[in-house]
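Morning, everyone. Let's walk through one model together. Please have the sequence and the structure open.

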Amino acid sequence: MPSSRPRLEVLEYCPEIPSRAVDVVLLHGICVGAWVWTDAFIQPLLDAGYRVLAVSFRGHGASEGRSTRRQHRLSDFVADAHHVIRQCEAPPVVVGHSLGSAVVHGLLRQQVPMAACGLLSPVPVQGLLGVSTRLMWNDPMAFQQLSVGLMLGVRHVSERVMARLLFSRPSVDEEVHGFLARCTDESPWLSFDLSHSLGPPHTASVGQPPIWVASGTADGLIRPRDAETVAAHYQATMHWVDGGSHLLMYDRSAGQTADALVTWLATSLTHAPV
């Protein structure tokens with residue numbers, strides 16, 4: 001491995017009876033790491049026979065790169081994901097949440113071979129400018145707190161605002177507090193990178209892997225109509241998680257979301273052994 005590439009944390013979960021020809025690679029969202037993918041989300045994938053690889057981007061989780069975290073760009077995270085994908089024996093299923101979905105957009109733009117893609121609480125293909133503008137007008141406190149989090153760090157952000165945006169809860173409970181305590185600061189460059197067009201500028205094309213988009217109906221950050229634009233762009237399957245928050249792989253609906261993903265994969269990966 002070249003010395004310029006940080007060592008990445010990749011948490012590997014193996015099924016008791018492997019029965020799938022492809023792996024599932026999980027890409028986390030902003031300010032977190034591979035730890036954000038809960039057992040409730042991972043277990044249905046293992047039960048279906050998939051080996052699961054949860055990746056921490058550089059500067060996140062136990063990956064190297066914390067000392068240069070404020071210099072990282074979205075393109076660095078795309079490179080991290082591509083590196084892990086190349087280590088798989090066959091093109092894997094790649095599932096990205098929020099920031100991770102923006103990374104998947106980048107992989108699709110680069111035409112990286114993937115068996116299928118899952119986009120949870122997805123960043124719009126056009127970038128976050130529209131989402132940011134809506135928050136600025138409709139929820140200025142949330143807009144201000146998100147800006148503070150990127151520029152100054154997560155410890156300067158109101159936990160109550162984050163509980164509402166991420167967990168769709170009106171107040172801070174032990175789970176919300178514990179989650180935010182584990183979060184890490186991000187590069188301020190991300191605000192710039194995520195405001196621009198992210199994915200391929202075309203709708204579904206020949207050779208595009210099957211794509212599944214999931215959105216929580218109670219998501220306080222990426223609204224359902226934002227997720228719908230992503231599904232329309234890729235002509236993808238749209239799945240709604242009733243009452244789901246922004247953190248679909250972490251909240252109380254994590255198992256339900258994973259079950260729906262497994263069901264979709266069973267019909268989409270027609271080449272995979274059953």
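**Helix packing, an aromatic pair and a pocket**

Start with helix H2, residues 74-87, and helix H3, residues 99-109: their axes come within 9 Å and cross at roughly 75°. Keep in mind that this is a predicted model. Angles of 65 to 115 degrees count as roughly perpendicular, and H2 and H3 are therefore roughly perpendicular to each other.

Which residues meet there? From H2, we have Leu74, Phe77, Val78, Ala81, His82 and Ile85. From H3, they meet Leu99, Ala102, Val103, Gly106 and Leu107. By class, the contact of H2 with H3 has nine nonpolar residues, two polar and no charged ones.

H6 and H7 pack with their axes 10 Å apart, at an angle of about 100°. H6 and H7 are therefore roughly perpendicular to each other too. H6 brings Glu159, Met162, Ala163 and Leu166 to the contact. H7 brings Val176, His177, Phe179 and Leu180. How do the residues of this contact divide by class? Six are nonpolar, one is polar and one is charged.

Now the aromatics. How many aromatic pairs does a search of the whole structure find? It finds nine. Take Trp35 and Tyr250, which form an edge-to-face pair. Their rings are 6.4 Å apart, centre to centre, with 85° between the planes. This pair links distant parts of the chain, 215 residues apart. Trp35 is in the loop between strand S2 (24-27) and helix H1 (39-47). Tyr250 is in the loop between strand S7 (237-241) and helix H10 (254-268).

Last, the largest pocket. Its volume is about 840 Å³. The lining has 41 residues. Which of them lie nearest the centre of the pocket? Ile30, Cys31, Leu146, Leu150 and Leu221 do.

Several helices give two or more residues to this lining: H4 (129-138), H5 (140-152), H6 (159-166), H7 (174-182) and H8 (189-193). Which one gives the most? H5 does, with six residues. By class, the lining divides into 27 nonpolar residues, twelve polar and two charged.

Definitions and conventions:
Residues numbered from 1 in each chain as written. Predicted model: local features only at pLDDT ≥ 70, side-chain atom pairs only at ≥ 80, totals over all residues. Heavy atoms only, no water. 1 Å grid on protein atoms, 1.4 Å probe; cavity = no way out; pocket = protein on both sides within 12 Å on 5 of 7 lines; lining within 4 Å. Points joined across faces, edges and corners; volume = space filled by probe spheres on them. Helix = DSSP H or I, 4+ residues; strand = E, 2+ residues; numbered from the N terminus. Nonpolar A, V, L, I, M, F, W, Y, C, P; charged D, E, K, R; others polar. Axes fitted to C-alpha atoms, helices over the stretch in contact; angles between N-to-C directions. Parallel < 35°, antiparallel > 145°, perpendicular 65-115°, else oblique. Contact = heavy atoms within 4.5 Å. Phe/Tyr/Trp six-rings, centres within 6.5 Å; stacked < 30°, edge-to-face > 60°.
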